[in-house]
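Please keep the view open as you read.

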Amino acid sequence: MALKKHTDRTYDAELEELRSKLLTLGGKVEAEIAQSVRALSDRDSKLAEQVVGSDREVNRLELEVDESCRRLLALRQPAASDLRFITTALKIVVDLERIGDLAVNIAERAIDLNQSPPLRPVHDLTRLAQLCQSQVRKALDSFVDADVDKAQAVIKDDDLLDALYHNLFNELLALMMEDPRNIRRANSLLFVAKHLERLGDHATNVAEMVVYMVRGTDVRHPHSRETTGQP
Amino acid sequence: MIRSAARPKVEVQDLNAWFRGVHALRGVTLTVPANTVLAIIGPSGCGKSTFVRCINRMHELVPGAHQSGHILVDGQDLHARGVDPVDLRRRVGMVFQRANPFPTMSILDNVVAGLKLNGIRGNHAEIAEKSLHQAALWDEVKDRLQTSALSLSGGQQQRLCIARALAIGPEVLLMDEPASALDPIATAKIEELIRELREQLTIVIVTHNMQQAARVSDATAFFYMGELVEHGPTEQIFTNPKESRTEDYVTGKFG
């Protein structure tokens, strides 16, 4: 975050290595989302299989990030912004890995759906997918740039995403009521929508941790604060 | 957590100190509430030791040293007319970096040396036992109180010096890098001791070991080139300092 270098340059290199691993991981899950959504819209099961296969790499990177964080905590006893960066890394890596898992779930639904004739195009699903991708991208950007404004925009836009999800829910429900033969496919699409909505929540988690990393103030759970005795 | 008290135990107001032409402290103002531990951190030569030496008027013993500003203990100015520095040092004790037991004295005589020197009456054996207990040394020396203090290990010698400082019943204890020459186990014992002593006294500890400051203190003050850069709750100083110089120092980006 800060431009100033540590007196011990190897410490700088270790922190940089952690940052770059997180960014690689972020890039991978971003690609997974895009591919899983495309596998669904283009009815491309081969692409969906690729997403399922790429998850091993995401899992491997998660383990590497964890290991780097543990090593830094044990050997460097980080303080202040370094401590906030490392504890943030430990938390957002979980969200990123979960985002990857959800992309895989979407890909699996796509494989299933591609075996039946397409249901009437569901317009809001594309919009929801686009918004989710943009939320994840912005959350990662806010981390890279240590940009609180960008992070707060992500947190705010989650409401938009939730509203879209609810519209979609009603739309799919109507499809099911219209014709029972739609139920199986509409239900699968509902799962996809739910996965996308959850994915957005993980992007919000990342953004909240970025605010903490930069400012040192925790913006999560404002209403639970009195009971925990936090300032 | 900083415990609030009606009146801080120690109040330092616009303290400046010089020695051999060096302006060692520049307008330092801070307070130490009773029954809290204040850690002073900062690079070598930042004025940490000078600061604690001013609090028990040891600074003025250095040839050519002088100072301005006020230091109050329990609201009383240390340089007010009628304040006897020897009497003051009984209330404000000091433990140094290197354990400095009296080499020719036994363990017991070391502990009661201050009592004898100050002509304090009372049951010296009882006070010695209590002080050695407080310094967490009793169990290790109770069977050899008459042996030479030099027969003890470095960590034990340092705890002996703490017992000696406690014997005269100080209200404030100044510690100038009390554990820097000790191994990790002896250091842990001293740190445990600091936390226990806080119940009875107010402690100001100078340390180069930032993890130590983080572990033992309620508040931390960061000094740089004689200036008090930042003073706040220890947790804040180490997780989210306000000043960029503090940030650079605690993260290891200095120099």
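Helices (H or I, at least four residues) and strands (E, at least two) are DSSP runs, numbered from the N terminus. The model is predicted: local features need pLDDT of at least 70, side-chain atom pairs count only at pLDDT 80 or more, and totals for chains, interfaces and linings use all residues. Residues are numbered from 1 along each chain as its sequence is written, while chains are lettered from A and ligands numbered from 1 in the order in which they are written.

After α3(B) comes Gly119(B), with a positive phi near 65 degrees.

| Helix | Glycine after the helix | Phi |
|---|---|---|
| α3(B) | Gly119(B) | near 65 degrees |

Helix α6(A) covers residues 183-215, and its 33 residues reach 48 Å from first C-alpha to last, close to the expected 48 Å (1.5 Å times one less than the number of residues).

Helix α3(B), residues 107-117, has as its buried residues Ile107(B), Asn110(B), Val111(B), Val112(B), Gly114(B) and Leu115(B). Buried means that 20 or more other C-beta atoms, placed from the backbone, lie within 10 Å of the residue's own. These residues pack against α4 (124-134), α5 (138-141) and α6 (154-167) of chain B.

Now to the sheet. In chain B, four strands form an open antiparallel sheet in the order β2-β1-β4-β5, where pairing takes at least two DSSP bridges. Because β2 (22-32) and β5 (76-77) of chain B are at the edges with a single partner strand each, one side of each has no neighbour in the sheet. Strand β4(B), residues 66-73, is joined to β5(B) by two bridges, and Val73(B) lies opposite Gln76(B).

What about the largest nonpolar core? Of its 138 residues, Leu128(A) and Ile40(B) touch the most other members; such a core is a set of buried Ala, Val, Leu, Ile, Met, Phe, Trp, Tyr and Cys residues joined through C-beta atoms within 7 Å. Helix α3(A), residues 80-113, gives the most to this core, with 16 residues.

Finally, the two chains meet: 14 residues of chain B are in contact with 14 residues of chain A (C-beta atoms, placed from the backbone, within 7 Å). On the chain B side, α8 (210-216), α9 (234-239) and α10 (244-251) each give two or more residues, and α10(B) gives the most, with four.

Terms used. Buried ≥ 20, exposed ≤ 12 C-beta atoms within 10 Å, placed from the backbone.
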